[in-house]
Amino acid sequence: LDFGMERKAKGPLKERISPLVADARCLPLPDASFDAVTMAFGIRNVRPRADALKEMHRVLVPGGRACVLEFAPVETPLFGPFYHWYLRVIMPRLAGLICSYPEAYAYLADTVENFPRPADFSEELREAGFPFVRCTSLTFGVVNLHVAVKGIDPLADRVSLRSPRKQLMKKAPRFPVRKRGAFFSGTDQFF
């Protein structure tokens with residue numbers, strides 16, 4: 001966070017970025033106050049995970065996106081067993097040679113292997129209130145990017161439906177596009 005603060009102080013967006021240390025399960029932020037929420041390699045360490053996902057949903061404006069980048073168990077028949085062997089056996093030994101806390105890598109292996117499969121985590125996002133979820137597998141399934149879109153309230157006032165977010169959504173055709181206060185997907189990637 002200190003490094004981020006240093007970069008913020010020098011960057012052009014320094015007035016728009018406010019780093020905050022808080023519990024992901026109970027954010028001290030108002031409802032519907034952000035266009036996007038991101039978390040990278042952290043959600044697997046949050047218990048209970050459902051509370052953090054509901055908080056992400058709560059602080060997003062309608063049409064906002066939660067982007068979660070996370071490791072996952074690899075299930076491919078050829079690469080999966082090799083990867084899990086590497087994660088359990090090789091990586092902790094290598095870590096023991098170069099760092100003073102190799103136990104952290106055993107913990108990493110445990111959390112990765114016990115994290116839900118990508119389809120199951122996508123379902124957890126849906127259960128947290130996100131009607132549209134897309135998962136993109138990266139690096140042979142070692143890492144997955146989950147993008148969840150908060151639905152739009154059909155009773156929302158017309159002013160909020162004319163927000164700049166509408167233009168953003170037009171630039172990303174794989175995501176749902178707002179029409180008459182609801183989301184419609186140009187593809188079936190969300191179902």
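Student: Which residue stands opposite Cys67 in β4?

Tutor: This is a predicted model: local features need pLDDT of at least 70, side-chain atom pairs 80 or more, while totals for chains, interfaces and linings use all residues. Residues count from 1 along each chain as its sequence is written, and side-chain values use heavy atoms, without hydrogens or water. Strands are DSSP runs of E, at least two residues, and helices are runs of H or I, at least four, numbered from the N terminus. In β4, the residue opposite Cys67 is Val147.

Student: How many bridges join β2 to β4?

Tutor: Strands pair if DSSP finds at least two bridges between them. β2 (residues 60–71) and β4 run antiparallel, and the bridges number seven.

Student: In β4, what is the bridge partner of Thr136?

Tutor: β3 (residues 132–138) also pairs with β4, antiparallel, over seven bridges. The partner of Thr136 there is Leu145.

Student: How many residues of β4 are buried?

Tutor: Buried means under 20% relative accessible area, exposed over 50%, partly exposed in between (1.4 Å probe, protein chains only). β4 spans residues 143–149 and is mostly covered. The count is six of seven.

Student: Is Arg44 buried or exposed?

Tutor: Arg44 sits in the loop between β1 (34–40) and α2 (49–59). Its relative accessible area is 6%, so Arg44 is buried.

Student: With which side chain does the side chain of Arg44 make a polar contact?

Tutor: A polar contact is an N or O pair within 3.5 Å; within protein, one atom must be able to donate a hydrogen and the other to accept it, and sequence-adjacent residues count only if both atoms are side-chain atoms. The distance here is 2.5 Å, and the partner is Glu70.
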